[in-house]
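The sequence and structure follow.

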Amino acid sequence: MVTHPHLLAAVDLGSNSFRLIVGRVEETPAGSQIYQVDALREPVRLGAGLSKDKMLDRASQLRGWDALKRFGERLRDFHPDQVRAVATNTLRVAKNAHDFLVEAESALGFPIEVIAGREEARLIYAGAAHSVPASAGKRLVVDIGGGSTEFIIGSHYTPIHMESLYIGCVSHSRLFFPAGNVDEYTMRQAEFAAKREIQIISREYKQTGWDQAIGSSGTARALAELVEANGFNDPQYTHGISRGGLERLKRALIKAENVNRLKLVALKPDRIPVLAGGLSIMLGVFEELGVEYVDTTDGALRLGVLYDLLGRSQHQDMRTVTVEGFKRRYGVDAAQAERIGDLAISFYDQLGEPDAERREENRMFLAWASSLHEIGLSIAHSAYHKHSAYIASNADMPGFSRTDQARLAALVLGHAGKLGKLSQARDIEWTLLFCLRLAALLSRRRADVGLPGIEVRAAAGGFEVRLPSEWVTNNPLTDYSLTQEAMEWEKIGRPYRVIYTGD
């Protein structure tokens with residue numbers, strides 16, 4: 001495989017469009033900067049294929065797969081570490097998302113992560129903050145997507161508030177303007193619906209305040225192009241979106257009576273089906289949050305993904321930052337977490353994973369699982385591992401995709417207790433679980449007790465543990481626990497031998 005050491009690529013499977021950008025990393029004395037060198041956009045309108053019972057229809061799936069095949073050709077020479085693909089609202093809610101993603105990953109040639117709403121908001125803010133001039137004050141970033149709208153207040157490169165609301169240009173257009181017809185009453189109802197959703201966050205956001213409002217990505221940019229090119233903006237604004245500009249665009253749309261009859265400069269054909277929905281949401285944003293003017297940027301989710309990917313390659317992984325924050329929030333015993341993590345990783349290293357990249361990723365997940373396996377103690381000691389897994393699965397964890405969180409939660413859930421609860425689950429990483437459970441078992445005293453040399457290896461679909469018989473004799477609780485552990489693995493059909501050596 002040919003690699004491009006200074007290139008990174010991001011794929012965004014949005015509810016309206018699928019997008020690919022390729023960026024070149026430039027190192028400067030002040031830090032790293034990413035410059036876009038290529039971009040592809042496909043108006044897939046995946047969200048338009050979502051039925052009332054949350055099933056993606058065949059036609060929208062085919063459009064998506066075809067687009068990803070074309071993206072896959074462009075990325076054919078890229079190393080997996082240089083590409084990150086993320087999916088947003090439609091694939092968060094679609095009941096048959098898994099079936100679509102199996103074929104989608106095959107078409108693209110890379111894994112696809114379904115990210116949570118607040119993770120999407122974090123990445124959007126990262127992209128927007130890196131694409132606009134530096135500002136001393138706080139920024140409000142609004143990103144109207146196909147199926148959801150993200151609202152972020154941040155300072156410099158750090159988000160302060162992040163929310164994702166279930167209103168988007170595709171879903172709003174389908175709900176209020178299904179045939180493209182627009183009148184005064186329907187537009188007012190669409191605006192009210194958007195305002196009702198935004199009311200959930202408006203009080204907190206207004207109290208925090210902001211010095212600059214930015215509209216990011218497709219809908220905001222399309223609206224800005226329309227009001228600028230047609231002279232709708234208020235006279236003092238030559239760029240961006242003013243309140244007066246939106247009102248004049250609305251009047252033009254109502255006068256046309258149907259979006260397909262609207263004749264405006266800079267109106268792109270693929271934007272026509274979602275224009276009315278996007279406009280009504282932006283009007284709701286202006287009204288509910290008291291915004292008078294919004295600047296725009298194209299740097300949003302995709303650029304944020306690139307910077308997040310760059311951080312991982314430079315060992316500034318946001319996931320590690322998140323785990324450290326969770327350790328503080330939930331009062332984790334840091335010494336115990338490190339003790340178990342180091343021991344679990346030492347066992348994993350003995351098992352000899354040949355793929356260096358997979359080995360490094362697995363070592364990180366073992367360290368993170370060790371750090372978070374006891375966060376459920378903040379709720380109750382009884383069944384704490386279940387509480388820990390629930391938090392890891394459902395909390396907002398910046399940097400982690402849903403796939404990452406599910407993987408982490410499975411390890412945290414399985415580190416203690418019976419294995420039967422996991423035996424029917426898909427994609428359980430038994431090797432990592434073996435290492436984590438053995439490390440937790442041997443660290444029960446919560447102290448550095450000077451463990452002897454312990455050897456582990458994979459054997460006949462299961463595992464072997466070798467340790468000195470003299471040490472085991474002097475530690476009867478550990479001996480008993482290892483016997484119980486072996487029985488637990490045997491119950492799920494995986495051999496587990498404990499061998500006492502004469503050392």
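In this predicted model, the axes of helix H16 (residues 430-442) and helix H18 (residues 476-491) come within 10 Å and cross at roughly 160°. Angles over 145 degrees count as roughly antiparallel, so H16 is roughly antiparallel to H18. The crossing of H16 and H18 is right-handed.

On the H16 side, the contact is made by Trp 430, Leu 433, Phe 434, Arg 437, Leu 438, Leu 441 and Leu 442. H18 contributes Thr 478, Ser 481, Leu 482, Glu 485, Glu 488 and Trp 489. By residue class, the contact of H16 with H18 holds 8 nonpolar, 2 polar and 3 charged residues.

The sheet is open and has 3 strands in the order E12-E13-E14, with mixed pairing. Strands E12 and E14 are the edge strands, each pairing on one side only. From one strand to the next, the twist averages 20°. E13 and E14 pair in the parallel sense over 6 bridges, and Arg 466 stands opposite Ile 499 in E14.

Both helices also meet the sheet. H16 lies across E12, E13 and E14, while H18 packs on the sheet and touches E13 and E14. The angles for these elements are set out below.

| Pair of elements | Angle between directions |
|---|---|
| H16 and H18 | roughly 160° |
| H16 and E13 | about 25° |
| H18 and E14 | about 150° |

Terms used:
Residues numbered from 1 in each chain as written. Predicted model: local features only at pLDDT ≥ 70, side-chain atom pairs only at ≥ 80, totals over all residues. Heavy atoms only, no water. Axes fitted to C-alpha atoms, helices over the stretch in contact; angles between N-to-C directions. Helix = DSSP H or I, 4+ residues; strand = E, 2+ residues; numbered from the N terminus. Parallel < 35°, antiparallel > 145°, perpendicular 65-115°, else oblique. Left-handed = near helix turned anticlockwise from the far one by under 90°. Contact = heavy atoms within 4.5 Å. Nonpolar A, V, L, I, M, F, W, Y, C, P; charged D, E, K, R; others polar. Pairing = 2+ DSSP bridges.
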